[in-house]
Amino acid sequence: MTYKVGLLGLGTVGTGTAKILTAPEGRHPLMRELEIAKVGVRTLDKPRDIQFPPSVLTTDFDEIVTNPEIDIVAELIGGVEPARSWILKAIEHGKHIVTANKAVMSRHGDEIFAAANEKGVYVMLEAAVGGGIPVIAPLKQALGVNRIKRVTGIVNGTTNYILTRMKNEGADFEAVLADAQKLGYAEADPTADVEGLDAADKIAILASIAFGGRIKLEEVFCEGIRHVTAADIAYAEKLDFVIKLLAIAQEDVPEDPSTDTPQQLALKVHPTLLPKSHPLASVDGVFNAILVEGEPLGEVMFFGPGAGEGATASAVVADMMNIAAILKTETEPIPHPLLSSTHQHYCSIVPMEDSVSRFYARVLTQDSPGVIGSLGTCFGDRGVSLESVVQTGMRDNLAEIVLVTHQVREGNFRDALEAISQLDDVKEIPSVIRVW
């Protein structure tokens with residue numbers, strides 16, 4: 001039996017997907033039953049790494065999403081529109097969807113999954129998070145018996161590459177970013193990566209699956225890496241930390257566990273001082289990793305290439321194969337409880353000012369007696385306990401003081417910083433970074 005596939009887009013991921021589908025030798029036998037029927041492209045005469053008969057290529061995407069012979073539509077064009085519209089139209093015409101598009105799924109997943117459930121088709125998105133790393137399917141299936149406590153990921157290869165280079169070379173952010181753009185590791189407009197927006201899309205998807213509820217993307221706190229300096233990297237090294245951009249979704253534990261407080265989640269993306277002993281600390285370069293913590297399993301980590309033609313295409317085709325397996329064995333494929341998305345409620349998200357973390361801060365002050373005592377008083381008056389306070393030396397004729405807090409409510413810490421910034425002897429607070 002043959003299952004016909006329509007590809008929307010033949011860029012990097014689309015080309016990789018086509019290469020796998022047209023060379024099934026040595027792969028799972030079910031691969032031979034997946035056939036590319038149509039490929040949607042912007043222009044027909046562009047040179048390509050893979051060739052198709054003229055009848056397969058089309059610039060009319062409507063011809064693919066409405067074609068009654070096509071079983072599976074793979075949306076590989078990226079972006080929000082027109083991707084969202086093509087996905088919804090394909091669903092309306094009874095097509096199963098495979099997508100690598102984290103932006104459209106994090107913003108419009110509600111609408112898309114609701115339409116798919118009503119129509120009785122699947123929407124599969126393994127490739128949307130972590131490239132070729134299989135994490136969506138394990139969260140839905142093998143890890144579903146666990147009570148998930150936290151999902152922590154390095155899910156953006158560009159920022160991980162930049163931070164790794166800064167660590168290894170002692171370079172500043174802007175210099176490494178410019179070089180990463182020349183090498184093709186960073187886009188000409190790197191905003192989505194370096195401001196943490198890409199990672200926010202991905203943790204919203206992971207949190208929705210791990211905690212069984214819908215996520216409003218605007219409730220994910222997002223802070224990028226532009227303010228991380230070579231000085232911060234160096235101080236992190238002295239303190240036995242590395243700095244990583246982490247995407248975190250974790251269950252918020254109430255101060256009094258005996259209360260009937262509804263479950264709340266902390267959802268955030270930000271640079272983090274991570275102890276070198278942490279499993280994610282050694283994930284360098286363009287690699288991604290996702291650490292899942294649950295009960296009773298404990299910790300399990302997924303690691304691998306987070307982007308690229310082969311990695312992402314591998315996840316796309318795996319989703320196609322899963323759909324084909326169900327179509328082959330079940331006359332009524334929906335709902336398959338381990339593959340479909342059925343949760344309707346929205347997760348309750350902890351406001352960022354109420355979230356709890358440790359903090360690192362670097363403060364430049366006049367080299368005057370009593371300055372450290374004044375800092376301690378500002379923190380203490382607002383319930384912020386300090387783990388360490390060290391005057392590390394002089395910078396631009398100012399004393400440089402580095403401090404690390406114990407666990408503290410974010411709002412209290414911000415109030416303390418505001419008070420410190422008003423002190424006569426304090427000239428600048430150039431860096432504030434959360435600590436694991």
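**Close-up views of a predicted protein model**

View A. Helices (H or I, at least four residues) and strands (E, at least two) are DSSP runs that are numbered from the N terminus. This is a predicted model, in which local features need pLDDT of at least 70 and side-chain atom pairs count only at pLDDT 80 or more, while totals for chains, interfaces and linings use all residues. Residues are numbered from 1 along each chain as its sequence is written, and side-chain values use heavy atoms, with hydrogens and water left out. E223 counts as buried because its relative accessibility is 16%; buried means under 20% relative accessible area, exposed means over 50%, and partly exposed lies in between (1.4 Å probe, protein chains only). Leaving aside neighbours within four places in sequence, E223 is in contact (heavy atoms within 4.5 Å) with E195, L245, V269, H270, P271, V432 and R434. I77 is 146 residues from E223 in sequence, and their C-alpha atoms are 27 Å apart in space.

**View B. The largest nonpolar core and helix α9.** The largest nonpolar core contains 79 residues, and I162, I203, L206, I215 and V220 have the most contacts inside it. A nonpolar core is a set of buried Ala, Val, Leu, Ile, Met, Phe, Trp, Tyr and Cys residues joined through side-chain atoms within 4.5 Å. With 10 residues, helix α9 (residues 197-211) gives the most to this core. Apart from this core lies another one, of 35 residues, among them L30, I50, Y122 and V316.

**View C. The contacts of V220 and A200.** When neighbours within four places in sequence are left aside, V220 is in contact with A200, I203, A204, I215, L267, K268 and V269. A200 is found in helix α9. A200 counts as buried because its relative accessible area is 6%. Beyond its neighbours within four places in sequence, A200 is in contact with L217, V220, C222 and V269. A200 and V408 are 208 residues apart along the chain, with 23 Å between their C-alpha atoms.

View D. Most residues other than glycine have a negative phi, and most peptide bonds are trans. P82 has its place in the loop between β4 (72-75) and α3 (83-92). P296 belongs to the loop between β11 (287-295) and β12 (298-305).

**View E. Positive phi angles at D396 and N397.** D396 is not a glycine, yet its phi is positive, about 55°. The loop that holds D396 runs between β15 (386-395) and β16 (398-405). D396 counts as exposed because its relative accessibility is 67%. N397, likewise a residue other than glycine, has a positive phi near 65°. N397 also has its place in the loop between β15 and β16. With a relative accessible area of 71%, N397 is exposed.

**View F. V426 in strand β18.** Strand β18 (residues 426-435) includes V426. V426 counts as buried because its relative accessibility is 8%. Not counting residues up to four places away in sequence, V426 touches V363, L364, T365, L375, I420 and S421. The C-alpha atoms of V426 and L398 are 9.3 Å apart in space, although the two residues are 28 residues apart in sequence.

**View G. The whole chain, for orientation.** The protein chain has 13 helices and 18 strands. Its radius of gyration is 24 Å, close to the 22 Å that the globule rule gives for 436 residues, so the chain is as compact as a globular protein of that length. This radius is taken over C-alpha atoms, and the rule is 2.2 Å times the number of residues to the power 0.38. Along the principal axes, the C-alpha atoms fill a box of roughly 80 × 55 × 35 Å. Of the 436 residues, 53% count as buried. Among contacts between residues at least 6 apart in sequence, 74% join residues at least 24 apart.
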